[in-house]
Amino acid sequence: MKRPLQINFYTRARCHLCEQAWRQLRELEAEFALELVSIDVDSDPRLAARYGDHVPVAVAGERELFRHRADVGRLRAQLAALGR
């Protein structure tokens with residue numbers, strides 16, 4: 001059995017793009033054995049400064065999977081390329 005791939009999902013409250021992207025990630029969670037970690041950028045001043053208004057952002061290891069909008073087809077291809 002594969003170890004889950006951790007996806008750090010940088011988000012903030014009241015962000016409709018974040019809510020939409022989170023739902024799309026959840027759709028792929030079981031298919032690709034993902035461990036989704038939601039991180040509120042406003043909970044840490046360094047993260048708030050780093051991401052500003054550029055959320056959501058999904059990161060696997062050092063690889064940014066998407067920023068702002070998730071495209072399920074592209075995301076599926078990226079995960080497959082990572083061996084998922």
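**Reading a predicted model**

Guide: Being three residues apart in helix H1, Arg-26 and Glu-29 are separated by about one helical turn. The model is a predicted one. The side chains of these two residues, Arg-26 and Glu-29, meet in a salt bridge, with N and O 2.8 Å apart.

Visitor: Are Arg-26 and Glu-29 buried or exposed, or something in between?

Guide: Buried means under 20% relative accessible area and exposed means over 50%. Arg-26 has 47% relative accessibility, so Arg-26 counts as partly exposed. Glu-29, at 24%, is partly exposed as well.

Visitor: How many salt bridges are there by this rule?

Guide: The count comes to five. Among them is the one between Asp-44 and Arg-46, at 3.2 Å from N to O. Here Asp-44 is buried, with a relative accessible area of 17%, whereas Arg-46 is exposed at 67%.

Visitor: How should I read a pair of aromatic rings?

Guide: One looks at the ring centres and at the angle between the planes; an angle under 30 degrees counts as stacked, over 60 as edge-to-face, and the rest as tilted. The count here is three aromatic pairs. The centres of Phe-9 and Trp-22 lie 5.2 Å apart and their planes meet at 50°, so this pair is tilted. The pair links distant parts of the chain, with Phe-9 in strand S1 and Trp-22 in helix H1, 13 residues apart.

Visitor: Which residues do ring pairs link into a cluster?

Guide: The cluster consists of Phe-9, Trp-22 and Phe-66.

Visitor: How are the strands arranged?

Guide: S1 and S2 run parallel and are joined by seven bridges. Together with H1, these strands make a right-handed β-α-β unit.

Definitions and conventions. Residues numbered from 1 in each chain as written. Predicted model: local features only at pLDDT ≥ 70, side-chain atom pairs only at ≥ 80, totals over all residues. Heavy atoms only, no water. Phe/Tyr/Trp six-rings, centres within 6.5 Å; stacked < 30°, edge-to-face > 60°. Helix = DSSP H or I, 4+ residues; strand = E, 2+ residues; numbered from the N terminus. Pairing = 2+ DSSP bridges. Right-handed = clockwise from strand over helix to strand, strands pointing away. Salt bridge = Lys/Arg side-chain N within 4 Å of Asp/Glu carboxyl O. Buried < 20%, exposed > 50% of the residue type's maximum accessible area, 1.4 Å probe, protein only.
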